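Take a walk through this protein, one site at a time. Keep the sequence and the 3D view side by side.

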Amino acid sequence: MSGNLFGRLCAPGPDESRAFIRLPAGGVISYADLLARSAQYANALLDLGVEPGDRVLVQADKSPQIIHLYLGCLRAGALFLPLNTAYTLAEVEYFIGDAQPRVVVCAPGKLAALLTLARRLGVAHVVTLGAGAQGGSLAERANASDTLCFDVPREDADVATILYTSGTTGRSKGAMLTHGNLAANAFALKACWRFTSDDVLLHALPLFHIHGLFVAVNVTLAARASMVLLPSFDVDAVVAHLSEVTVFMGVPTHYVRLLQDDRVGPALAANVRLFVSGSAPLLAETHRDWLARTGHAILERYGMTETGINTSNPYGGERVPGAVGQPLPGVSVRVVDAESGAALPAGATGMIEIKGPNVFAGYWRMPDRTHAEFRDDGYFVTGDVGMLDARGYLYIVGRSKDLIITGGFNVYPREVEAEIDAVAGVVESAVFGVPHPDFGEGVTAAVVTRDAGSEERLLAHLKQRLAGYKCPKRILFVAELPRNTMGKVQKNVLRDQHAGLYHLPAVAATPRSLTS
Ligand code: AMP
């Protein structure tokens, strides 16, 4: 396969009047509209002097126009660079400085602040794109542009997009994903998840992250399916539209929230053939609760910004709670000893490494970091720690940087979290390490609970279940865990918040009961 990703995903067909996007408030954007609108955005970019390889940085609210712009970038050969809408101006400054975009696209309300910043950083154009009726200067330019355009020829190895990693430690890195990477992943997922043009996806994810953009949108396009595009995740909106769709893709927090709503049950989910979860670990308990409530086994998959999706539980076979499934066709997954790089046998825990057509081309202008994260034989070192079982199902234990080394022993947080989560009354937990004068790091747990008793009782229980060195030195009861927009628990925030925990003898000595 080679060629511009746009042509591979959106080749004109006989059925162009069919719906691509159904808007929740009513109204349809057809595949014919998509061809015309994406050409208009490509032409608007050309008018702004955008050339193949130029970066178009976008921080704007979710809307169909963002998808038109993304496809317009592909057609113009420009690199689409979406940013989390939650990033502050100070954070955006770093991304503009690093990516040096020719065009910055922002929400109308952010124009004044961004203009000053972008001028200082030498950006040629700042234009606006609003959601809904807001329009914006880029939308106006696009509306006035021709609905036909020339698609810039691209090869597999040409970069299509730069997605910045969430960067919980150190600087965020720009992962360069190529036309070939995105095409390979979209068509592999279409086949594995048996997407057809009859499917309707309920899209409740952000459009600045790999999950909502390259999994949800690209797979829908590859199958010439349709999607109901929600402005964001909202329980009422999901409940209102679930009976109109055949597929839902969410992060684990979405499923947890939906389970708290009594309207979610077999009748509401009767039309749905597939529920997908990813981007953060889905608790086995949530998997089981969802099955009991709706009759559907959630299909959990594992991916990351740098690779797209690597593994998936099977559509037809067993979907194992707690496992992230088997490698997609064409993708190789191995678990190795992090130090020596030697492959480990089934059942052993080590670093997860990935090779395949989905693996990115490197970090933008960071050749040393790129070099450091690839093995000589082409495998990408993911930074995730996990285990492959005898059937080839992958289990993720956590990020290697979250591994706790206490008194010289390695503790994998997931194992401790699973024991805590199994206690009646516990809602969820996060286990992390913080500096400890005796042990190097002290195993520490933040626990959200309905009523799991006192810290002492919980600790006494864990001591029956886990080797002493794995047991938390402290359990902190909290109202909620800090999460990013994709539902990932931010352990770096917990580590920072509690960095002094074991250097304060008075606090460490006091047994506590429920606090928040
Ligand atoms: P991101 O690049 O923001 O998509 O984050 C990728 C990371 O999310 C991976 O490296 C994993 O640590 C985590 N992740 C993604 N999917 C899963 C999953 N199904 N289970 C556990 N962790 C996951």
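Asp 199 touches Arg 194, Ala 225, Ser 226, Thr 246, Val 247 and Arg 273, leaving out residues up to four places away in sequence. Contact here means heavy atoms within 4.5 Å. This is a predicted model, where local features need pLDDT of at least 70, side-chain atom pairs count only at pLDDT 80 or more, and totals for chains, interfaces and linings use all residues. Residues are numbered from 1 along each chain as its sequence is written, and side-chain values use heavy atoms, with hydrogens and water left out.

Asp 199 sits in the loop between helix H7 (179-192) and strand E9 (200-203). Helices (H or I, at least four residues) and strands (E, at least two) are DSSP runs, numbered from the N terminus. The relative accessibility of Asp 199 is 3%, so the residue counts as buried. Buried means under 20% relative accessible area, exposed means over 50%, and partly exposed is in between (1.4 Å probe, protein chains only). Two of the neighbours of Asp 199 are also polar partners. Its side chain makes a polar contact with the side chain of Thr 246, at 2.6 Å. Another polar contact joins the side chains of Asp 199 and Arg 273, at 2.7 Å. A polar contact is a pair of N or O atoms within 3.5 Å; within protein, one must be able to donate a hydrogen and the other to accept it, and residues adjacent in sequence count only if both atoms are side-chain atoms.

Now turn to the ligand. Which residues come nearest to it? Of the 16 residues around the ligand, they are Glu 300, Arg 301, Thr 305, Asp 384 and Lys 488. A residue is near a molecule if one of its heavy atoms lies within 4 Å of it. By class, this shell has six nonpolar, five polar and five charged residues. Ala, Val, Leu, Ile, Met, Phe, Trp, Tyr, Cys and Pro count as nonpolar, Asp, Glu, Lys and Arg as charged, and the others, Gly among them, as polar. Strand E13 (299-304) and strand E19 (394-399) each supply at least two residues of the shell. E13 gives the largest share, five residues.

Look at the oxygen atoms of the ligand. One is 2.6 Å from an N or O atom in the side chain of Asp 384. For Lys 488, the distance from a side-chain N or O atom to a ligand oxygen is 2.9 Å. A polar side-chain atom of His 209 lies 3.1 Å from an oxygen atom of the ligand. The protein covers 92% of the 490 Å² of accessible area that the ligand has on its own. Accessible areas come from the Shrake-Rupley method with a 1.4 Å probe; for residues, only the protein chains shown count as cover.

Stay with Asp 384. It belongs to strand E18 (residues 380-388). Is Asp 384 buried or exposed? At 7% relative accessibility, Asp 384 counts as buried. Leaving aside neighbours within four places in sequence, its contacts include Tyr 302, Met 304, Gly 350 and Arg 399.

Next come the nonpolar cores. A nonpolar core is a set of buried Ala, Val, Leu, Ile, Met, Phe, Trp, Tyr and Cys residues joined through side-chain atoms within 4.5 Å. The largest has 86 residues, and Leu 69, Tyr 70 and Met 249 have the most contacts inside it. Helix H8 (residues 210-222) gives the most to this core, with nine residues. Apart from it lies another core, of 24 residues, among them Ala 204, Tyr 255, Ala 269 and Val 272.

Leu 69 touches residues that include Tyr 41, Val 58, Phe 80 and Leu 138, not counting those up to four places away in sequence. Leu 221 is part of helix H8. Its relative accessible area is 0%, so Leu 221 is buried. Beyond four places in sequence, Leu 221 touches Leu 9, Cys 10, Phe 20, Tyr 31, Leu 34 and Leu 71.

Last, the backbone. Most residues other than glycine have a negative phi. Gln 100 has a positive phi, near 45 degrees. Its place is in the loop between helix H4 (89-99) and strand E5 (103-106). Gln 100 is partly exposed, with a relative accessible area of 46%. Ser 279 also has a positive phi, of about 85 degrees. Ser 279 lies in the loop between strand E12 (274-277) and helix H11 (284-294). At 14% relative accessibility, Ser 279 counts as buried.
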